[in-house]
Amino acid sequence: MKKNKLNTTDFSKDIKRISIDVFKEHPYKSYNYKQIIKKFQQEPFFEEAAVFLAALEEEQLRKLTINCIEELAIAGDLEETDRGKYRLFPTEHFINGKIDIVSNGNAYVINEEFEEDIFIAKTHTLNAMNGDLVKVSLYARKKGSRSEGEVVEVLERSKTEFVGTIQISDRFAFLTSDNPRNKVDIFIPLNKLNGATQGAKAVAKIIEWNPEAKNPSGEIIKVLGFPGENNAEMDAILIEYGFPLSFPTDVEKEAEEIPYKIPKKELLSRRDFKKIPTFTIDPVDAKDFDDALSVQKLPNGNYEVGIHIADVSFYVQPGTPLDIEGFNRATSIYLVDRVIPMLPEKLSNMVCSLRPGEDKLCYSAVFEIAEDAEIINEWFGRTVIHSQRRFSYEEAQLVIETGEGDMLEEIQTLQKLALLLRKKRFQNGAITFDKVEVKFKLDEAGMPIGVYLKESKDSNKLIEDFMLLANRRVAEFVGKKLAQEKGKEYPFVYRVHDSPSSEKLANFSVFAGRFGHTINTKSDKDIAHSLNKLMKEIKGTKEQNVLEQLAIRTMAKAIYTTNNIGHYGLAFDYYTHFTSPIRRYPDVMVHRLLDHYLHNGKPVKADEIQAQCKHSTDMEIRASEAERASIKFKQVQYMIGHEGEVFDGLISGVTEWGLYVELIDNKCEGLIRVRDLDDDFYELDEKNYCLIGRKNHRKFQLGDTVKVQLKTADLARKQIDFILDDPNRLPDSFSREPSNSNFKHFGESSFKPNHGSKPEKKHKGKSKGKPKKSRW
């Protein structure tokens, strides 16, 4: 039914007023008219906007909203940031944020409320160091230009301790930071060297930094050794990423006071699984056994499967030194040659670890499962178990493959159920990345003497399937079942994974097509089935590692949060981390929250849990970066002594400063610098991920195979440099004609592995005048 004709100007005041309220909700965010209209239809604006939304036809609403926004801009209430996009006109010209300094000294300040990063020229960073919280004075900005400003105050230092190399002169000394983003050397008085000698790798603590002084002053607090020494370099990586080398005294003391023997009262208060067949499956060198499985057949023909998780929350009480240290670390760190545990070894390797032949306290998820893997019943609670057998993955795999060995019936039953659970997951749209893991063989001194590839087999997947089951059902219990029963929300820790952008998927689809593969992007299930098919097709091919890496980077990053949006990659509506509390603090949080709600506890404060989730995500990222840095160091170590040798490689990255090449046999990665491609002047073609010669149109493209010669393996820079073995040899994608493809590029924010120093870092928002670059 057509609406009556009316005077639309009657609603102008309301539309302007509510529009201003929308902009005030996020003062630094830009909106176009479509986004404003969408906001009108949502809380908290819908109630006030309901009258004109009901009265106006769609076209009337569109025109009137556009007019009102333009009038607000003319009046000075809004500013146009881009064509058709507006934000609230700033009433103050200062903003606080975290500074991100790139390798050429320029910087960007990041504020979550601000839609784009603020560019800071290297001459205007004051004395800020990378990661500091700073106050920025914003410059006046022209329409369509990027936001710029200058640092006027350092509000909070992200760190005060830095790793570097000592340089000593007659009257003073300096510590030169290992991190290329830290451009400032730290002045060290000779009486503050504390035993450090020329060229040593050490840790300096900044004591003071006069704003008028060019360099901060500090003292040496720890001497690590010398550059290139294994322990010195590993310790340096940990310190650089903010992880301590040891536990505080009060934490160690509290851990030592925890008895090995379980109190009898505690044993009697728990559900007893000691007589039910139970075992663990872990890496051969593991000591921290987080999880165990039990299984028995029930009289009705179904199976009772127990997923038993170390009850860390019983031993680590909230607010204690152990708990505070565990929260601060948030995760264990797995470097190439060592594990830095989240909790002291007495807990992680002894008291909490589900060692065979010992009674152990657990928090368990117990399921009654039918022959077709349908979940009939579930139970969550505290238990006591007694593991009869500790399997390595290799030992369990042998039982699965040969049909012989310890606990054969139990393993075969669980394998049968795991296959059914896995099949259902993939039918629902889950995506699998069976990525080959590269491992180093190390000698007693920690030197790499070989490389081997580790694949995920059925024994790995069996454990994974039951851990996924427990994680999903715990999250469903709190987020869905409990919420429906009680009629209210219960804040919880979720592990969420957002869907990838359609642009990233489309771009990846085109690139995969270069190798003859097709990705269907019509629906989530189509995408999942296509990616799973791709992973099978590329297994064992030369392009496997590149396509796996790029497919993974196409996906969003999983995070911890109280805001549940589901897990895209697993195709779960509810998901959490419940199964590894020895090495992940969020799992400890989940145990505590689950127990609290099972005992009729009231909903906790979501803001407090969210802050802990964010910290856990941040620390997880830092741990991953530290782990990658240790792998890179071992790659360089491994390649030393092979200078001049020739290797087959795959171009794994393309930038304006060169080509990254991954060696096919050992997966070590290095750089062919543009200056070493001296047969032509090469330019970056961002749309096609390649470098093209200006005169001869020779092309080097992502995924091409090339023969390279090792030029240098530099431990100090942690950099491997290659040159082409035969400069006249044409790569796979050689063409005498420049490509005219319209393939859009991913951009650094989408596909940017960590490769050390770069000329510039690409940030969100417009950036006119910055050099072009593309990096996968």
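Strand β19 (residues 359-369) and strand β20 (residues 375-386) run antiparallel and are joined by 11 bridges, with E368 standing opposite N377 in β20; helices (H or I, at least four residues) and strands (E, at least two) are DSSP runs numbered from the N terminus. The model is predicted, so local features need pLDDT of at least 70 and side-chain atom pairs count only at pLDDT 80 or more, while totals for chains, interfaces and linings use all residues. Residues are numbered from 1 along each chain as its sequence is written, and side-chain values use heavy atoms, with hydrogens and water left out.

Both strands belong to an open sheet of seven, ordered β13-β20-β19-β16-β15-β14-β21 with mixed pairing, where two strands pair if DSSP finds at least two bridges between them. Helix α13 lies across β14, β15 (291-297), β16 (303-310), β19 and β20, running at about 110 degrees to β20; axes are lines fitted to C-alpha atoms, for helices over the stretch in contact (heavy atoms within 4.5 Å), and angles run from 0 to 180 degrees between N-to-C directions.

Helix α13 (residues 458-486) also gives the most, 11 residues, to the largest nonpolar core, which has 80 residues. Such a core is a set of buried (under 20% relative accessible area, 1.4 Å probe, protein chains only) Ala, Val, Leu, Ile, Met, Phe, Trp, Tyr and Cys residues joined through side-chain atoms within 4.5 Å.

As for confidence, the mean pLDDT (the predictor's confidence in each residue, from 0 to 100) is 87, and 91% of residues reach 70 or more.

Definitions and conventions
Buried < 20%, exposed > 50% of the residue type's maximum accessible area, 1.4 Å probe, protein only.
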